[in-house]
Amino acid sequence: MSTEDDVLFTDPTPDRQDDGACGSDDPAVARVAKWFTDRSDRAELESRFSSVFRQSLDEVMDGQRTGRFDVNTLEKTEKTYLGTKVEIVCRAEFGFPHGVKMDYSVAGTDVDAKFSLEKKWMIPREAMGHICLLMAANDSASTFTVGLIKIRDDILTRGGNQDGKRSISQSGRGSIKWIFEQGNLRKNLLLGLDPRTRELVMAAPPGQRRVDQLFRHVHGCVVDRNAVVTSAKQLDAPKRVRDARQRLAPEGVIILGHQKESPRIARALNLPVPEKGTWVAARVVPASPTANRAQVLIEDVRYVVAEPGEERHPAPEINY
């Protein structure tokens, strides 16, 4: 199963697979690893796993209903369920069928999904002799880990918990075949804000006013749908953004999306170019004749990203 806290109820005498080899040299481990690497180039595979963890974390935190954006605020039962969520989302992403005795069948091999927030994977007796897909995600550091290991007695610690589960020993970790020892997890915008900025955003009541605060203070970086609905504690992120554009335009704030004039303006101003479902905000002012900054022409006027302290000027009309 998926998490270090779950309890397994499976056949206590599972089939053993390739008992003659161990760890990263095990042919079954190599076969499963090849299944992953053959289906995507490394960048795409990293993006797919990143999406698995980002979706799982966001859905369990359920920001649009709870306003939560920090996994450390989850209840213990929710953290336990997070492992199951990762298992489910991972299966959907890669199209794994169910295994005979374990969670997945990958390249004709039973594979058990194990997820831990702290890389402390707990292994049940039922996984002995099987391969585990080890997964972990660190939302604060925006990193994730994915590896494969063949479970044998000599890679586990001697002591176990009350369910008889044991962890992988320090020496046993040397047998992990890493797919991503430190992959890049898509950032959790609200969690990554500096405390002062986050305080300014969260000081507003949930709803449109908090979304306004988000785009008023968070400039030059990608804001995704989840950050918007978590701030608002409401659905319909695009409407919240459209309303924020109108409300912040007198302050010179533009909120660029993925279509029409937005990509051109973002590139010209050296801002990130938003993908669908994401936005980038900036405060702009008309460029002075001597301005030595990236400029964009909008309605026959050249604009630059405003520097701190520059006088406010209404935002130009943009075909978003």
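Select Gln 55 to begin; this residue sits in helix α2. Helices here are DSSP runs of H or I with at least four residues, strands are runs of E with at least two, and both are numbered from the N terminus. Is Gln 55 buried, exposed or in between? Gln 55 counts as partly exposed because its relative accessibility is 37%. The scale runs as follows: buried is under 20% relative accessible area, exposed is over 50%, and partly exposed is in between, using a 1.4 Å probe and protein chains only.

Two notes before moving on. The model is predicted, so local features need pLDDT of at least 70 and side-chain atom pairs count only at pLDDT 80 or more, while totals for chains, interfaces and linings use all residues. Residues are numbered from 1 along each chain as its sequence is written, and side-chain values use heavy atoms, with hydrogens and water left out.

**The whole chain**

Zoom out. The protein chain holds 10 helices and 12 strands. Its C-alpha trace spans about 75 × 40 × 30 Å along the principal axes. Of its 320 residues, 51% are buried.

**Along helix α2**

Select 42-61, the range of α2. The helix has 20 residues. From first C-alpha to last it reaches 29 Å, close to the 28 Å expected at 1.5 Å a residue. That expected span is 1.5 Å times one less than the number of residues.

Go to the N-terminal end of α2. Asp 41 caps it: a side-chain oxygen of Asp 41 lies 3.3 Å from the backbone nitrogen of Ala 43. Then jump past the other end. Just after α2, Asp 62 takes a positive phi of about 55°.

**The largest pocket**

Show the pocket surface next. The largest pocket has a volume of about 650 Å³. Of its 29 lining residues, Arg 54, Arg 186, Lys 187, Asp 224 and Asn 226 are the closest to the centre. A pocket is an open set of points on a 1 Å grid over the protein atoms alone, with protein on both sides within 12 Å along at least five of seven lines; a cavity is a set where a 1.4 Å probe fits but cannot get out; lining residues have an atom within 4 Å of a point. Grid points are joined across faces, edges and corners, and a volume is the space filled by probe spheres set on the points.

Color the lining by element. α2, α3 (63-66), α5 (189-192), β8 (222-224) and α8 (225-232) each supply at least two residues. Which element gives the most to this lining? α2 does, with 4 residues.

Now color by class. The pocket lining has 7 nonpolar, 10 polar and 12 charged residues. Ala, Val, Leu, Ile, Met, Phe, Trp, Tyr, Cys and Pro count as nonpolar; Asp, Glu, Lys and Arg as charged; the others, Gly among them, as polar.

Where does the pocket lie? Domain 1 (27-184) and domain 2 (195-305) both give residues to its lining, so the largest pocket lies between them. The domain bounds come from an automatic or database domain assignment.

**The cavities**

The structure holds 2 cavities of 30 Å³ or more. Select its lining: Arg 54, Asp 58, Phe 69, Asn 188, Leu 189, Leu 190, Asp 224, Asn 226, Ala 227 and Thr 230. α2, α5 and α8 each give two or more of these residues. The largest share, 3 residues, comes from α8. By class the lining divides into 4 nonpolar, 3 polar and 3 charged. Each of domain 1 and domain 2 contributes at least three residues.

The second largest cavity has a volume of about 40 Å³. Its lining includes Met 61, Gly 63 and Arg 68. Here α2 and α8 are the elements that give two or more residues.

**Two loop lysines**

Finish in the loops. Lys 119 sits between β2 (109-116) and β3 (122-123). Its phi is positive, about 60°, although Lys 119 is not a glycine. Lys 119 is partly exposed, with a relative accessible area of 36%.

Last, select Lys 233, in the loop between α8 and α9 (237-248). Phi of Lys 233 is also positive, near 55°. Lys 233 counts as partly exposed, at 36% relative accessibility.

Key. A polar contact is a pair of N or O atoms within 3.5 Å; within protein, one must be able to donate a hydrogen and the other to accept it, and residues adjacent in sequence count only if both atoms are side-chain atoms.
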